Every structure is written in structure tokens, then in C-alpha cells.
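Here are my notes on the model, point by point. Please read them with the coordinates open.

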Amino acid sequence: MYDVIVIGGGPAGLNAAMLLGRSRRKVIVFDGGKPRNRWSRNMNGFLTSDGMNPREFIKRGRDELKKYSVEVKDIEIASATYSKGEFVVNDAAGTVYRSRKLLLATGLKDNWPEVEGFEAFYGKSVHHCPYCDGWESREKAIAVYGKDRSGIGQALAMKNWSDDVTLFTDGTDTLQRSDLELLELNEVKVEKRKILRLEGEDGMLQHIVLQDGEKRAQQAMFFSEGTKQQSGLGEMLGCEFTSKGVIKTRRKQQSNIPGLYVAGDAARDMQMVVVAAAEGAKAGVAINMDLQQEDRKHVPEVERHM
Ligand SMILES: Cc1cc2nc3c(=O)[nH]c(=O)nc-3n(C[C@H](O)[C@H](O)[C@H](O)COP(=O)(O)OP(=O)(O)OC[C@H]3O[C@@H](n4cnc5c(N)ncnc54)[C@H](O)[C@@H]3O)c2cc1C
């Protein structure tokens, strides 16, 4: 019986495990090895580790956990249930583990635009988050991908990082007159023709090729196509979700299920490594405090009133 099972060994899960390990809890972390930023070469915006390779960040995190005797297992968790104050999880090999508390730090995955060549550029010159990769794209010819009206907000936002921004609606033509006026007023160009493919070298975008064969010179592309949960465990356990598909949590990362906490991208709030790590730390402390309360011996009522 573990005090805590942590599912997900990204920044949220590892930081939670560190706080729990330091609190002398019996902790095990399960990880399927698919952190959301695995396509990226650099992890930006994390003070002291700005620009570090994301794989190196995870490796260092795991090394730091060794001194606290936290167990880490590289395997997917296939199912999880909760009954009468106990969590039971099954890994993909069929082994069963039990714990008093459970932390889901299973992250999200991004919906990708359906554009030929996308994967070769993703995380290198094609991005979804300007706060993670806008600086590296500054003053470049930036394309924003968004069908129908979905790219307007991001195209306007990208003017913060470059004067040269073009919104690509990929063969859709539903921008309203007021949208076009707004984009023109803010000097955002609009390209409505269908995209054939992305072209470039070594992950660096050079052209967006349109269906009629014309090539538009672009050095970076941003998109925002939404996300989904990386794992179905939140649903399996009966968690409440927001309309955006992330798990509803309270101030200390508690879910609606007693003893079940959720941290990082899978939970509500901003989706960045530093925030995920902070939420993991919050959850770690909150879980430990819950366990302290449950284990503390109390003076019986009668004696207290004597
Ligand atoms: C291309 C890209 C670039 C990014 N760049 C930056 C950046 O520069 N700076 C920044 O701050 N943020 C960046 N982000 C966002 C960042 O990746 C996330 O905010 C961060 O990874 C969230 O951490 P997490 O611990 O919640 O989830 P993740 O890092 O996604 O980790 C979740 C872990 O849980 C595991 N898991 C899921 N389900 C199971 C299961 N059933 N059993 C076992 N394990 C499971 C996964 O395999 C994964 O290892 C980027 C994202 C992308 C897509």
C-alpha cells in the first residue's frame, strides 16, 4: 500500500513526487514517456532552466528524486478505480497497485492542423504557444493557421512578436467584413487559399505551399486547434471537466473525488512547465497535509472537557 500513487512523470508529477518524498511518504510515479513538449528542442520561460532541452529537464528531475527514495516506473497505467478511501490502479502489464491518495498529472495532447509536412516542423518552427516560442520567432515572417474565424485572436496577438503576420484560413472563407477590417487595421495579412504543404529544412519552415502551387515565404507558424486529455483516467474515475476538457480542480488541486488530486496541464489553469511544476508542488503539500490529518491522534472528547 503506497501513501501516494502519481500517474504522469512530467514536471507536475515529478515536482509533486519531490515534495511527497521530502515529506517521507511512500510514493510511486508511473510514466508513459510522452510529455507534451517532446517535439521541442528547447523549454523556454522557466527561470534558471530557460532554453534547456525538455528531455534533459525530465532526466535531471528524476535524478533529483533518487535521494528521496521515490520509485519511478516507466509504464502506462491502464485503469484506476476508487472505493472506500482506497485507489487501485492497474499498469499495462496487469500489475495491481494500491494507495491512499492518487495524483493525476497525465497532461494533455494538442490537436494538430491537417497539413502535409506538419510533424517535421512541430516544436522547431511551428508552435502553439507564443509565450513558449514567440521570442525565438521575433521579427520573422509569422504565419498563423486558423480555419474559419478561429485564428483571428492569435493572429492579432502575434503582432506583439513580429510586424510580419499573415493569417492562413486554409481554404475557408467565413471571415466577416468586421474581421477583415480589424485585421487590416492591425496590419495582419490574410491568405484564404488552401494549403498544400509546409516546406523547409531541418525542422525550420521556409515556405507554405498553396494548392495552386504558389509558395509563401514564412519562417514560423503558430496555431491553436485545441487540446484533449492524454489519458482517459480522469473520466474513468468520475472527475468533473470544464467545457474546455480539462479537469476541474479547487485551490490546492483537489478534484471532486475525495483523495484524488490533479496537477499540470490536465487540470485547469495556464499550460506551461513552470505552472505545471508549481501545481505539482501545491498538490504534494496538500496531499501530505491530508495524510497528516488522517493519521493524527486526537485527544478524546471527554478528556478535553474535564
Ligand atoms: C511543442 C511544445 C512546446 C512547448 N514548449 C514549452 C516551453 O517552451 N515552455 C513551457 O513552459 N511550456 C511549453 N510547452 C507546454 C508544456 O509541454 C506543458 O505545459 C507541460 O509539459 C505540462 O506538464 P505536465 O506534467 O502537466 O504534463 P506532461 O509534461 O505532458 O507529462 C505528462 C506525462 O504523463 C504521462 N502519462 C499520461 N497518461 C499516462 C498513463 N495512463 N500512465 C502513465 N503515464 C501517463 C505521459 O506519458 C507524460 O510523460 C510546450 C508544449 C508543446 C506541445
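1. Which feature does UniProt place at residues 2–280? The unreviewed UniProt entry gives "domain: FAD/NAD(P)-binding" for that span. UniProt positions follow the numbering used here, feature names are shortened, and annotations may be inferred rather than shown by experiment. The end C-alpha atoms of residues 2–280 are 18 Å apart.

2. Ground rules. This is a predicted model, in which local features need pLDDT of at least 70, side-chain atom pairs count only at pLDDT 80 or more, and totals for chains, interfaces and linings use all residues. Residues are numbered from 1 along each chain as its sequence is written.

3. Overall build. The chain holds 9 helices and 17 strands. Both are DSSP runs numbered from the N terminus: helices are H or I with at least four residues, strands are E with at least two. The C-alpha trace spans about 85 × 40 × 35 Å along its principal axes. Of the 306 residues, 39% are buried. Buried means 20 or more other C-beta atoms within 10 Å of the residue's own; exposed means 12 or fewer; partly exposed is in between; C-beta atoms are placed from the backbone. Take the contacts between residues at least 6 apart in sequence: 59% of them join residues at least 24 apart. A contact requires C-beta atoms, placed from the backbone, within 7 Å.

4. Domains. The chain divides into domain 1 (2–110 + 228–295) and domain 2 (118–223). These bounds come from an automatic or database domain assignment. The C-alpha centres of the two domains lie 34 Å apart.

5. Ligand. Why does the ligand lie between the two domains? Domain 1 and domain 2 both give residues to the shell around it, so it lies between them. The shell has 41 residues, and Gly8, Gly10, Asn37, Gly107 and Gly264 come nearest. A residue is near a molecule or strand if its C-beta atom, placed from the backbone, lies within 6 Å of it. By class, the shell holds 18 nonpolar, 17 polar and 6 charged residues. Helices α1 (11–22) and α8 (273–295) each supply at least two residues of the shell.

6. Strands β4 (77–83) and β5 (86–91) pair antiparallel over 6 bridges. Pairing requires at least two DSSP bridges between the strands. Alanine 80 has valine 89 in β5 as its bridge partner. The two strands form a hairpin with 2 residues between them, and lysine 84 in the turn has a positive phi of about 45°. β5 also runs antiparallel to β6 (96–104), joined by 4 bridges. There, phenylalanine 87 is bridged to serine 99 in β6. This hairpin has 4 residues between its strands, and glycine 94 in the turn has a positive phi of about 95°.

7. Parallel sheet. Five strands form an open sheet in the order β8-β15-β9-β10-β11, with parallel pairing. β8 (126–127) and β11 (188–191) are the edge strands, each pairing on one side only. Inside the sheet, 4 bridges join β9 (142–145) to β10. Alanine 143 is bridged to threonine 166 in β10.

8. Leucine 175. Find it in the loop between β10 (165–168) and α6 (177–185). It has 19 other C-beta atoms within 10 Å, so leucine 175 is partly exposed. Beyond its neighbours within four places in sequence, leucine 175 contacts Arg149, Thr169, Leu180 and Val190. Its C-alpha is 9.5 Å from that of lysine 147, 28 residues away along the chain.

9. Cysteine 132. Leaving aside neighbours within four places in sequence, cysteine 132 contacts Asn44, Gly45, His127 and Met272. The C-alpha atoms of cysteine 132 and aspartate 50 are 10.0 Å apart, across 82 residues of chain.

Definitions and conventions. Ala, Val, Leu, Ile, Met, Phe, Trp, Tyr, Cys and Pro count as nonpolar, Asp, Glu, Lys and Arg as charged, and the others, Gly among them, as polar. Two residues are in contact if their C-beta atoms, placed from the backbone, lie within 7 Å.
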